[in-house]
Amino acid sequence: MKTGTLFTGIVLGLIVAACAAQPVEPPAAPEAAAPGPVEPPSAPAASAAPATPAAEPAAAAPAPALKSVDVVFEAKSGSKLAGKAVLTETEGGVHIVLTLEGVDPGEHGAHVHEKGDCSAADGASAGGHFNPHTKDHGLPGAEKRHLGDLGNITIGKDGKGTLAITAPGANLKATDAASFIGRSIIVHAKKDDGGQPTGNAGGRIGCGVIKG
């Protein structure tokens, strides 16, 4: 009986030893998930640049003022003439607005003369027509004309009249050869008919110095 028990114990011991010798399978590792797309690290938000104030539009340079000269007339040769002229320098010449009263009705020649001197009672101190380019006399619009030829002013029955005309090529620059500054304007007793040498306009009934 003891022998059988011993044998049984030996057999059980061998079985236990055999089981212990078997390698133990490690538990299976969990299946790794497939890698997804890698998100790039987000760049730090750029700080908003301070708004630059809009530049103020440059103010336009004021246009240069046009030079203007007033001329006051004196009666000459016993006339009752009174009036004035306004001369304004333009891009193409000198614009003249001549306004008179106390003059006989009809047309009367008007010219810029070479000297700014109205001292003589008959206006002779003003000299001849202003003619720096030594041309023949002519009416406005003629190809050949004195620079001082202004044509005629028409006087109404009330003794008043106005002449507005531009003398091309003239200016109001005191040192320029074509300047009206330092000259005078003469109004004549008769109409300037365009004839030579000075238009047959008769005596001088009004004179005004063009001062700079």
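## Surface and overall make-up

Accessible areas here come from the Shrake-Rupley method with a 1.4 Å probe, and for residues only the protein chains shown count as cover. On that basis the chain exposes about 13600 Å², and carbon and sulfur atoms supply 61% of this area. The model is predicted: local features need pLDDT of at least 70, side-chain atom pairs count only at pLDDT 80 or more, and totals for chains, interfaces and linings use all residues. Residues are numbered from 1 along each chain as its sequence is written, and side-chain values use heavy atoms, with hydrogens and water left out.

A residue is called buried under 20% relative accessible area, exposed over 50%, and partly exposed in between (1.4 Å probe, protein chains only). Buried residues make up 32% of the 212 residues in the chain. A contact means heavy atoms within 4.5 Å. Of the contacts between residues at least 6 apart in sequence, 58% join residues at least 24 apart.

## Secondary structure and the sheet

Helices (H or I, at least four residues) and strands (E, at least two) are DSSP runs, numbered from the N terminus. The chain has one helix and nine strands. Read from the N terminus, the order of elements is α-β-β-β-β-β-β-β-β-β.

Two strands pair if DSSP finds at least two bridges between them. Five strands form an open sheet in the order β2-β9-β8-β5-β6, with antiparallel pairing. Its edge strands are β2 (74-75) and β6 (149-155), each of which pairs on one side only. Within the sheet, β8 (residues 184-188) and β9 (residues 204-209) pair in the antiparallel sense over five bridges. Val187 has Gly206 in β9 as its bridge partner.

## The disulfide

A disulfide is a covalent bond between the sulfur atoms of two cysteines. The criterion used is a pair of cysteine sulfur atoms within 2.5 Å, and by this rule the count comes to one disulfide. It joins Cys118 to Cys207, with an S to S distance of 1.9 Å. The bond links distant parts of the chain: Cys118 is in the loop between β5 (106-113) and β6, Cys207 is in strand β9, and the two are 89 residues apart.

The torsion about the S-S bond of Cys118 and Cys207 is about -70°, so the disulfide is left-handed. Cys118 is buried, at a relative accessible area of 5%. Cys207 is also buried, at 0%.

Phe130 lies in the loop between β5 and β6 and Phe180 in the loop between β7 (161-168) and β8, so the pair ties together parts that are 50 residues apart in sequence.

## Surroundings of His146

His146 is found in the loop between β5 and β6. This residue is buried, with a relative accessible area of 6%. Not counting residues up to four places away in sequence, His146 touches His129, Phe130, Asn131, Lys135, Asp136, His137, Gly138 and Pro197.

A polar contact is a pair of N or O atoms within 3.5 Å; within protein, one must be able to donate a hydrogen and the other to accept it, and residues adjacent in sequence count only if both atoms are side-chain atoms. A polar atom of the His146 side chain lies 3.2 Å from the backbone oxygen of Lys135.

## Backbone exceptions

Most residues other than glycine have a negative phi, and most peptide bonds are trans. A cis peptide bond joins Gln196 and Pro197, with omega about 5°. Pro197 is in the loop between β8 and β9.

Asn200 is found in the loop between β8 and β9. Although Asn200 is not a glycine, its phi is positive, at about 55°. Asn200 is partly exposed, at 45% relative accessibility. Ser77, also not a glycine, has a positive phi near 55°. Ser77 sits in the loop between β2 and β3 (82-89) and is partly exposed, at 43% relative accessibility.
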